[in-house]
Amino acid sequence: MANPDLVSSTDTILTVDHLTMRFGGLIAINDLSFKARRGEITALIGPNGAGKTTVFNCITGFYKPTEGMITLTHTDGSHYLLERLPGHSVSWKAKVARTFQNIRLFSGMTILENLLVAQHNRLMIASGFTIGGLIGLPNFRRAEGEAVDKAKYWLEKVGLTDRADDPAGDLPYGAQRRLEIARAMCTGPVLLCLDEPAAGLNPRESLELNELLLSIREIDKTSLLLIEHDMSVVMQISDHVVVLDYGTKIADGLPEAVRNDPKVIAAYLGVEDDDVEKIEAQVGL
Ligand SMILES: Nc1ncnc2c1ncn2[C@@H]1O[C@H](COP(=O)(O)OP(=O)(O)OP(=O)(O)O)[C@@H](O)[C@H]1O
């Protein structure tokens, strides 16, 4: 895998440039810069409170950063300055989708409805924002058929075809997580941002998640940005890891290099850099 420092701009899908986010006197993100490459899984890791979700909230339009730029680049070369876009345009125009730390499905709707509602924008356009949908305009019928096909594809991919008509809220936790990813993918993103997708999963579900995310990268050609505490997920599937501590980037590189970086170990163990060797010896690393 190439060194992230040598990434050329055409390979870069997301550029975070000198991003700072303050909440009153608290600096949640401090002058953060990193790049995520197209076609890769980039993991954003760090101890609790390091600022990871705040980075996601800035990327996806939930927060307007205090300073800095976030640029998304499509394959045709068009750029989107995400910090300037309203939240809905981040998804609709720039094609960035996300999931949340706490699952946010429409739990009273069926699983299929959750996947169709994610494609609402395209259907509204096909209806001409009129009653065209009700009277069955050809454009709308075609868009509707495509939406159902896409929903079927994702149902199959996340193993929920048999449960398509069940309320989403009835699914076990791990299946709800997969459905949330499927729903985000139904919006047709170029970049999928996942906030702790492995949280609460058992080891088998965690393995299935790894396979799903690798397949989204390989088959669906979608780049991923991942916040994750589960190091088995991070180390097995990430191409590139960025580490935050107290809002500041402390490491950025290949998973193996990051894992062995004393600064990263110190941040996770909550000790000074100089004490890492001593602590490692104590715990038998
Ligand atoms: N809306 C907000 N108002 C005030 N402070 C906030 C807000 N959002 C986040 N913070 C603070 O910013 C810091 C970073 O929080 P953030 O949730 O981004 O960390 P995190 O790395 O995602 O943590 P975790 O791994 O526990 O989810 C924390 O000190 C948090 O309390």
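How many helices and strands are there in the protein?

1. The protein has 12 helices and 10 strands. The model is predicted, and the remarks below should be read with that in mind. Of its 285 residues, 37% count as buried. Among contacts between residues at least 6 apart in sequence, 65% join residues at least 24 apart.

2. Two domains are assigned: domain 1 covers 1-95 + 189-285, and domain 2 covers 102-188. In the contact between them, 13 residues of domain 1 meet 11 residues of domain 2. On the domain 1 side, the elements that give two or more residues are helix 2 (87-92), strand 7 (191-195) and helix 8 (203-218). Helix 8 gives the largest share of that side, with 3 residues. By residue class, the domain 1 side divides into 8 nonpolar, 2 polar and 3 charged.

3. The largest nonpolar core holds 67 residues, and Leu 44 and Leu 192 have the most contacts inside it. This core lies between the domains, because domain 1 and domain 2 both give residues to it. In soluble globular proteins, nonpolar side chains tend to be buried together.

4. Leaving aside residues up to four places away in sequence, Leu 44 touches Lys 52, Val 55, Leu 225, Leu 226, Ile 227, Val 242 and Leu 244. One of these, Lys 52, is also among the residues that surround the ligand.

5. Which residues surround the ligand? They are Phe 23, Leu 26, Ala 28, Gly 46, Asn 48, Gly 49, Ala 50, Gly 51, Lys 52, Thr 53 and Thr 54. Strand 2 (26-37) and helix 1 (52-59) each supply at least two residues of this shell. Helix 1 provides the largest share, 3 residues. The shell divides into 4 nonpolar, 6 polar and 1 charged.

6. Two backbone angles deserve a check. Most residues other than glycine have a negative phi. His 18, in strand 1 (residues 12-23), has a positive phi of about 50 degrees although it is not a glycine. Is His 18 buried or exposed? His 18 is exposed, with 12 other C-beta atoms within 10 Å.

7. The second case is Asp 31, which is placed in strand 2. Its phi is near 55 degrees, again a positive value in a residue other than glycine. Asp 31 is partly exposed, with 14 other C-beta atoms within 10 Å. Strand 2 also supplies at least two residues of the shell around the ligand.

Methods. Residues are numbered from 1 along each chain as its sequence is written. This is a predicted model: local features need pLDDT of at least 70, side-chain atom pairs count only at pLDDT 80 or more; totals for chains, interfaces and linings use all residues. Domain bounds come from an automatic or database domain assignment. Two residues are in contact if their C-beta atoms, placed from the backbone, lie within 7 Å. Helices (H or I, at least four residues) and strands (E, at least two) are DSSP runs, numbered from the N terminus. Ala, Val, Leu, Ile, Met, Phe, Trp, Tyr, Cys and Pro count as nonpolar, Asp, Glu, Lys and Arg as charged, and the others, Gly among them, as polar. A residue is buried if 20 or more other C-beta atoms lie within 10 Å of its own, exposed if 12 or fewer, and partly exposed in between; C-beta atoms are placed from the backbone. A residue is near a molecule or strand if its C-beta atom, placed from the backbone, lies within 6 Å of it. A nonpolar core is a set of buried Ala, Val, Leu, Ile, Met, Phe, Trp, Tyr and Cys residues joined through C-beta atoms within 7 Å.
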